[in-house]
Amino acid sequence: MTRVCFVCLGNICRSPTAEGVFQDLVNQAGLNDVIAVDSAGTAAYHAGEQADARSRQEAASRGIHITSVGRQFHSADFGRFDYVLAMDRANLQALRRVPGADQFAGTLELFRSFDAQSRPQADVPDPYYGGVDGFATVFDLCEAAARGLLDHIRKDLGHPEPSR
Ligand code: 4NP
């Protein structure tokens, strides 16, 4: 099993969107018995809450149902995941300070590094204090990066996409 955890600040906007989009791609590819998907936040402010209504609404309008409940990323998560993917540089820095990060044998990276069209060090910008447009942008950026991530993991697993 390859295990992926998407991480933002609050775990109510960006990382639940990434989780929902990526899980949908995994399901469509018939790989849900080999790829497991989760999300977390570097902060605990919204632990126990469902995802932001704006994220859920944007995703629902595109046929994706976000069901995740906010939780904070913990040290032990480094032992549970192969990929820990941060939505932005601030959260990548925060993850690098979590005890155990320096022993993590998996991939600790920016999520958008899997989007070949993105610039180096590109963030999924925090939409929380902005308008609804920000949530549509987050969805689009997550979708592009999720496709690249799935291609990457498929190659790694020796299940490249048959026809493309
Ligand atoms: P997220 O968005 O990190 O994408 O879940 C945020 C959610 C909450 C806050 C900031 C960003 N907040 O400051 O409460």
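Where is Asn11 found? Asn11 lies in the loop between β1 and α1 (14–28), where helices (H or I, at least four residues) and strands (E, at least two) are DSSP runs numbered from the N terminus. The structure is a predicted model, in which local features need pLDDT of at least 70 and side-chain atom pairs count only at pLDDT 80 or more, while totals for chains, interfaces and linings use all residues. Residues are numbered from 1 along each chain as its sequence is written, and side-chain values use heavy atoms, with hydrogens and water left out.

Asn11 is buried, with a relative accessible area of 0%; buried means under 20% relative accessible area, exposed over 50%, and partly exposed in between (1.4 Å probe, protein chains only). Although Asn11 is not a glycine, its phi is positive, at about 60°. Gln121, in the loop between β4 and α4 (132–157), likewise is not a glycine and has a positive phi, of about 70°. Most residues other than glycine have a negative phi.

Asn11 also belongs to the surroundings of the ligand, which comprise Cys8, Leu9, Gly10, Asn11, Ile12, Cys13, Arg14, Tyr45, His46, Asp126, Tyr128 and Tyr129; a residue is counted here if one of its heavy atoms lies within 4 Å of the molecule. This shell consists of seven nonpolar, three polar and two charged residues, with Ala, Val, Leu, Ile, Met, Phe, Trp, Tyr, Cys and Pro counted as nonpolar, Asp, Glu, Lys and Arg as charged, and the others, Gly among them, as polar.

The protein buries 93% of the 360 Å² that the ligand exposes when taken alone, as computed by the Shrake-Rupley method with a 1.4 Å probe.

Strand β1 (residues 2–8) contains Cys5, which is buried with a relative accessible area of 0%. The C-alpha atoms of Cys5 and Asp77 are separated by 8.6 Å, although the two residues are 72 residues apart along the chain.

Strands β3 (residues 83–86) and β4 (residues 107–110) pair in the parallel sense over four bridges, pairing requiring at least two DSSP bridges between two strands. Leu85 has Glu109 of β4 as its bridge partner. From β3 the chain passes through helix α3 (residues 89–96) to β4 in a right-handed β-α-β crossover; right-handed denotes a clockwise path from the first strand over the helix to the second, with the strands pointing away from the viewer.
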